[in-house]
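Here is a friendly walk through one model, written for someone who likes to know the cut-offs. Have a look at the structure first.

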Amino acid sequence: MATLNHVLDAIERQIGFPRSRSNGIARRLQESNLLPVGAPGVAPELNEDNVLDLVVALASDTELHNAVGAVRAYHAMTPGGAILDGAPQSIPNAPIAVALLVEDARAGVPAARKSRIEVSCNARAVAIHKPNGEVSRFVEAGADPVHWPSRGHHKSIALNVAAIADALDDIFGKVN
């Protein structure tokens, strides 16, 4: 577990999201019970999943009031928009797939460290790009992962998995 201040500092240092923006996003996520709030005189303690949620919210580059919706949508994203009702638990949703990839990167797996996570800013989508050209797309259940929901431009932010892994190592210590 790590304090929120330590997490925000590491995110700025390793990934490059400014502390001024991440502070406001974190506060919104705390108000919606998506991040821990701590107690009077006790700093909030975050785990790895909390940090990844915060990074995805920052990468979604949305207005402050839409950050909570972006994280909730991220938690509901399935591979290719598949409806997973009654499916085995072994099929990962977006947060599980991202966490497993980052865990591999922290363990030093070269392919994982060279991968990228692309977070859509104006569509509810996340894509994992592997160095071999393989792409796994995650969208909300029932959505078409091939077509964006609106006409016009598409904006996304690609995150280097190695940078995320290094941030988590900075926050929680190296994985053996």
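Two strands count as paired if DSSP finds at least two bridges between them; strands (E, at least two residues) and helices (H or I, at least four residues) are DSSP runs numbered from the N terminus. In the hairpin of strand 5 and strand 6, five residues lie between the strands, and Gly133 takes a positive phi near 95°. This is a predicted model, with local features needing pLDDT of at least 70, side-chain atom pairs counting only at pLDDT 80 or more, and totals for chains, interfaces and linings using all residues. Residues are numbered from 1 along each chain as its sequence is written, and side-chain values use heavy atoms, without hydrogens and water.

| Pair | Bridges | One facing pair |
|---|---|---|
| strand 3 (residues 77–79) and strand 6 (residues 135–140) | three | Pro79 and Phe138 |
| strand 5 and strand 6 | five | Ala127 and Arg137 |

Now to the helices. The axes (lines fitted to C-alpha atoms over the stretch in contact, with angles from 0 to 180 degrees between N-to-C directions) of helix 3 (residues 48–59) and helix 5 (residues 94–106) come within 11 Å and cross at roughly 110°. That makes the two helices roughly perpendicular, a label for angles of 65 to 115 degrees. Glu48, Asp49 and Leu52 of helix 3 meet Val98, Ala99, Val102 and Arg106 of helix 5, where contact means heavy atoms within 4.5 Å.

Conventions
Angles under 35 degrees count as roughly parallel, over 145 as roughly antiparallel, 65 to 115 as roughly perpendicular and the rest as oblique.
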